[in-house]
There are 2 protein chains.
Amino acid sequence: MHIPDFGIAAVERDTGLSKDVLRVWERRYGFPAPRRDANGERSYPAEQVERLRLIKRLMDQGHRPGKLIAAATEELSGLAACSLVPRAAGENGEVEQLGALLALIKQRNGAAYQQAMQQRLARQGLQRFVQDSVAPLTRRVGEAWEDGSFEIFDEHLFTELTKRLLRQAIAALPVGRSRPRILLTSVPDEQHVLGLLMVEALFALEGADCIPLGVQMPLLEIGRAASAHRADIVALSFSVAFPQRQIAVLLQQLRLILPPEAALWAGGAGIRRLVKLDGVDLLPTFDMALAALADWRAAHP
Amino acid sequence: MHIPDFGIAAVERDTGLSKDVLRVWERRYGFPAPRRDANGERSYPAEQVERLRLIKRLMDQGHRPGKLIAAATEELSGLAACSLVPRAAGENGEVEQLGALLALIKQRNGAAYQQAMQQRLARQGLQRFVQDSVAPLTRRVGEAWEDGSFEIFDEHLFTELTKRLLRQAIAALPVGRSRPRILLTSVPDEQHVLGLLMVEALFALEGADCIPLGVQMPLLEIGRAASAHRADIVALSFSVAFPQRQIAVLLQQLRLILPPEAALWAGGAGIRRLVKLDGVDLLPTFDMALAALADWRAAHP
DNA sequence: ACTCCTTTTTTGTCCTGGACAAATTAAATA
DNA sequence: TATTTAATTTGTCCAGGACAAAAAAGGAGT
């Protein structure tokens, strides 16, 4: 079976590497080395697309492209080596349980995973379920993806099923009617929604009035939505995969677009490395988010 | 309050128009006409970004860029005029009810919308709920967005809340264990998920074993997932907004990637204008999708 | 008037190769 | 060992040309 070659647009879609990057890598490093079709346009064999995807994965993990492209195929070793993050001791029972849940996904047994998680939710209650089950699981899925033991579609299945659990749990809560009114969304190009759902669950538990707008809102629309819904707080989420360099400028631009009386909160793994920004509250952890909520209420009696 | 200018990357993110398109429009039509920053790079005033968004909206509706850019501001009239699609007579009571539901979204009363829809679901049952409530509502939201009476964030809120309802309803169904095993997903750049959820609901009602992988799966990953899950059918969804010219080549490429024994089904409003493709089943309506499911079962006893 | 075929215009995408600034690493200094 | 400075790496942007696929316009035949 011969998989046909990919055009440059298809490679961009499938790898997340922009056309500019693909061309400049070819010029500088000699890789990728697509052949040309009848019109002189680049035509990438599936094999090179796979390799590009691997390189992208390792880059998101912190490696640099120059090194990765130079290395022949021993990357595979460096790949596994770097993800040996030692796990905190003393929680081995818990770790085992989470591992068992991940194994269910790995076996592609979605139904069993869903059932097991439902039980956990009932046992722990929503707050601890989010903080002690969903959040650590998400982290471990990320690690498993980085070290190659999880395929992308395993991650997708995990995400999809977990999203359902969280949404179901949120829908079961009484509708929040008290302040603050919190608008939850993400900027364009940021499509990870799990973090947003987790924080929505926590806020909804506290009785806040959450307005979930889904992901990928253009900045100007976020501003309009905040006015139209008279939101007290606009909460954004940034995943690790989001291009770091853009986050700061993006937040500052949004700050200028938003009504001054609306607070701007940013959370997610992507903002860990960020320094302080004027008029933006950076909330890297759930505890900080809950504390910020309490602070807001104290300041707005 | 002065909203700062946008860089070309920000405009691409917020409007969905590629950098290439933005530059070539400027060269050909003289619009947009960004000023230049200190580095000679394009810098788009927020006003022009808004206008670009409007143009994009009208283009998705079928208008051509050359005309739109030439027209000064009378587009606003042409905009409203074109969406006067006469509604089918005889269903006015039903139309009224749907209109009332839309009005709830428009009033930004998410809670009331959710409650009303829940009632409808209980009354109609899932199948009729999908076909007679969700599908027509989705169509009307699309129309409302095109003629400007819905903001983008209204559409996002509608989508988000409706997704929740559908997922909840699907989760309440007994787990499908019988054939066929259907893998549901969409290709990269296609992020509309409502159609996928609607069809999942219908398939799940028929007892099929649905594997929801969420949206935006790279083609090669879809192939792998189909093998790993031993899927009988891979079902993809394309919205109207998806670039038409790419759909056919994309489907043919995926056909070659998939195991030959796996069927490839494509649905959604985006495939309406498509002609027949070898090895791909085009299913523009829900009825056709259900018929295809029945056919599959008849052929695989 | 309507359909089918051909020609022209429109429009998006791709190309080359240069430039530069922000981020990162390496070197040098206190 | 810290902290500043120089060098390198790397992503993004630019200009302007080219081309093919899609859409519109024109023409011939039934």
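How many bridges join strand 4 of chain A to strand 6 of chain A? The two strands, residues 178-185 and residues 233-237, run parallel and are joined by 4 bridges. Helices (H or I, at least four residues) and strands (E, at least two) are taken as DSSP runs and numbered from the N terminus. The structure is a predicted model, in which local features need pLDDT of at least 70 and side-chain atom pairs count only at pLDDT 80 or more, while totals for chains, interfaces and linings use all residues. Residues are numbered from 1 along each chain as its sequence is written, and chains are lettered from A and ligands numbered from 1 in the order in which they are written.

Within the pairing described above, Leu184(A) stands opposite Ala235(A) of strand 6. The sheet in chain A is open and has 5 strands in the order 5-4-6-7-8, with parallel pairing; two strands pair if DSSP finds at least two bridges between them. Strand 5 and strand 8 (281-283) of chain A each have a single partner strand, so one side of each of these edge strands is left without a neighbour in the sheet. On average, neighbouring strands are turned by 25° against each other, direction ignored. Helix 12 of chain A (residues 286-299) packs on the sheet and touches strand 4, strand 5, strand 6, strand 7 (263-267) and strand 8. The direction of helix 12 makes about 140° with that of strand 8. Axes here are lines fitted to C-alpha atoms, for helices over the stretch in contact, and angles run from 0 to 180 degrees between N-to-C directions.

Chain A is divided into domain 1 (6-82), domain 2 (92-169) and domain 3 (175-299), with bounds from an automatic or database domain assignment. The C-alpha centres of domain 2 and domain 3 of chain A lie 24 Å apart. Their contact takes 13 residues from domain 2 and 8 residues from domain 3, two residues being in contact if their C-beta atoms, placed from the backbone, lie within 7 Å. On the domain 2 side, helix 7 (110-146) and helix 8 (152-172) of chain A each supply at least two residues, and the largest share, 7 residues, comes from helix 7.

Between the chains, 42 residues of chain A are in contact with 42 residues of chain B. Helix 8 of chain A gives the largest share of the chain A side, 10 residues. This side divides into 22 nonpolar, 9 polar and 11 charged residues; Ala, Val, Leu, Ile, Met, Phe, Trp, Tyr, Cys and Pro count as nonpolar, Asp, Glu, Lys and Arg as charged, and the others, Gly among them, as polar. The copies meet through the same surface, because 100% of the interface residues of chain A are also interface residues in chain B. Chain A is superposed on chain B by a rotation of 180° with 0.0 Å of shift along its axis (RMSD 0.1 Å). The two copies are thus related as by a two-fold rotation axis. The C-alpha of chain A nearest this axis is that of Gln168(A), 2.9 Å from it. Superposition is by least squares on the C-alpha atoms of residues with pLDDT of at least 70 in both copies.

Around DNA strand C there are 19 residues, of which Ala9(A), Glu41(A), Arg42(A), Arg64(B) and Gly66(B) come nearest. A residue is near a strand if its C-beta atom, placed from the backbone, lies within 6 Å of it. Helix 2 of chain B gives the most to this surface, with 3 residues.
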